[in-house]
Amino acid sequence: MSSKIDYEEIAKLISFLEEKKLAHFELEVEGFKIKITRAVPSAPAVEAVPVPGPQSRPKPENSPRLPEVQPQVSGDTLRFITSPMVGTFYRASDPNSPPFVEVGDDVKKSQTLCIIEAMKLMNEIESDVEGIVTEIFVENGKPVEYGQRLFAIQPVA
Amino acid sequence: MFSKILVANRAEIALRIIRSARELGIKTVAVYSESDRTSLHAILADEKICIGPGRASDSYLNVANILSAAEITQADAIHPGYGFLAENPRFAEICEASGITFIGPPAPLIKLMGNKNEARQEMRMARVPIILGSDMIIDTLPEAKKIAKKMGYPIILKAAAGGGGRGMRIARSPSQLDEQFAMAQNEAKAAFNDASLYIEKYLPNARHIEIQVVADKKGNVVALGERECSIQRKHQKFIEETPSPFVDERLRGKMLKAAEDATRHIGYESLGTFEFLVDEKGKFYFMEANTRVQVEHPITEEAYGLDLIKEQIRIAAGEKLSIPDGLRMRGHTIECRINAEDPATFAPSPGKIDFLVFPGGPGIRVDSAAYQGWRIPSDYDSLVAKIVAHAPKRLLAIKKMQAALEMTAIVGIKTNLPLHLAILADSDFINGDYDTQFMERFLAKNGPPK
């Protein structure tokens, strides 16, 4: 592919992604990087129950912040490694060592991806899939909660 | 004083604690399960941490995740609310070992009162009357039969590790004891991981009346007037009121003194409740002590004009008891527990609340974490709201509660509102003529509410 991509080619690429139902696509060639994320339609409301009373209520000025729900990217093949516990996220075994993995690295099944410190214990979190790390969601040293996404991995067949 | 409290609970009691902490200028951390992402306690706390999946054993009972949540948010105290880890001495111990204050009594006191049989023996030493009982763990049916025969039927089998109204079975005859004994052991084992049972004489026409105590670390103790909790079904309280229509000034004085003596005897601190059975003659017997805030604490707060949660937090921080000695209750207060359940079958009714209107106006208080559009998870208990009515006299309080419940609308789920309204209109209830068997009689007589 040439390093010059025009509008038409991008449009073609998008329709290709539509066709293949891919949620996420990234391409990098010299001097050019493209990242396409396709919104996946959310599940339809399960029930539609008639609600008595006014249909639209004015939004209060200081409405409490709503819980942010992690977007349900059904990213066909993309796998997410989530935190099995509450703790502190570390990308390396100690402050002077290099991180276990970086974006773009190949990882094997059962390879250590990070450490979560909980109750003074260092818990190694392993990959449950072989593939390529496409995203690291948490910064080193930051707290994580149960179920929080840590890594996205594109499995290799 | 603490700068940040982690609330290790959910729903209305978590919200109740968050409110008081906020008034005291203390930041709060909510912990929540995946089923509680949209629950109000998680929305209204200053910070929130997801601690596990919906199942309580993996989230609200997950000590490691809760302590890690306290650590990463740098909370300096944990309030356990009621239920879950509130009466788990090991949890209190681990909190203290981790340098986090457990807002409640010290672990050894939780442990002492947690074993219902040991608690009985301790009360005997404090000269608090206890019900005739086996005074030891009964392991076998023949043993149980021998003791029951000596005591006289009916008897009640109780799990030594029990509490919260669970792990109890009544036997009215030797053949019933045959049927119930193994079942009670299995139930105790399943619910509390301890099959130990003891036997007590069962008082069928008694009332369940409890005394709130508040004690600080310096030995100051105050006992607050009674909560009448006899309107209950399967040992689950339904309506509570204060004062009790049965208790006069003299009996109240004796019960307050007994609770105060017991508190001093064991060197108790924090909030606690002594539950008593009171027979027709006004004789009272210690049943059990709860080392945490009670579900029905709001009626005491309304009667005395207090905030017990604030008091509990201040005491845990080492402050002196601020309730003046000899404080008197005012008027009459009633609480109705509104549950998400079928009023006829009592089957839980989780689901989405499509439309919600709570009552209001002078003398009405609502403790609830429900809101319109919220989906009540099926993982936890069915309590939706505690509606409290306070008025100068008992009949006025009943009238106020009736009006309040009639103007309450919870659409989308089934609730026990119709049953509450039926009981509030019952002549025995209105006359204050009831005991712990009231609900059974009422349901047999009237059938399910329309």
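B:E12 lies in helix 1 of chain B, which covers residues 11-23; helices (H or I, at least four residues) and strands (E, at least two) are DSSP runs, numbered from the N terminus. This is a predicted model, in which local features need pLDDT of at least 70, side-chain atom pairs count only at pLDDT 80 or more, and totals for chains, interfaces and linings use all residues. Residues are numbered from 1 along each chain as its sequence is written, while chains are lettered from A and ligands numbered from 1 in the order in which they are written.

Q: Why is B:E12 called buried?
A: A residue is buried if 20 or more other C-beta atoms lie within 10 Å of its own, exposed if 12 or fewer, and partly exposed in between, with C-beta atoms placed from the backbone. B:E12 has 21 such atoms within 10 Å and is therefore buried.

Q: Which residues does B:E12 touch, not counting those up to four places away in sequence?
A: Contact requires C-beta atoms, placed from the backbone, within 7 Å. B:E12 touches B:D367, B:S368, B:A369, B:L383 and B:K386.

Q: What makes up chain A in terms of helices and strands?
A: Chain A contains one helix and ten strands. Along the sequence the pattern is α-β-β-β-β-β-β-β-β-β-β.

Q: How confident is the predictor in chain A, as expressed by pLDDT?
A: On the scale of pLDDT, the predictor's confidence in each residue from 0 to 100, chain A averages 73, and 52% of the residues score at least 70. Over residues 40-75 of chain A the pLDDT is below 50.

How values were computed:
Contact = placed C-beta atoms within 7 Å.
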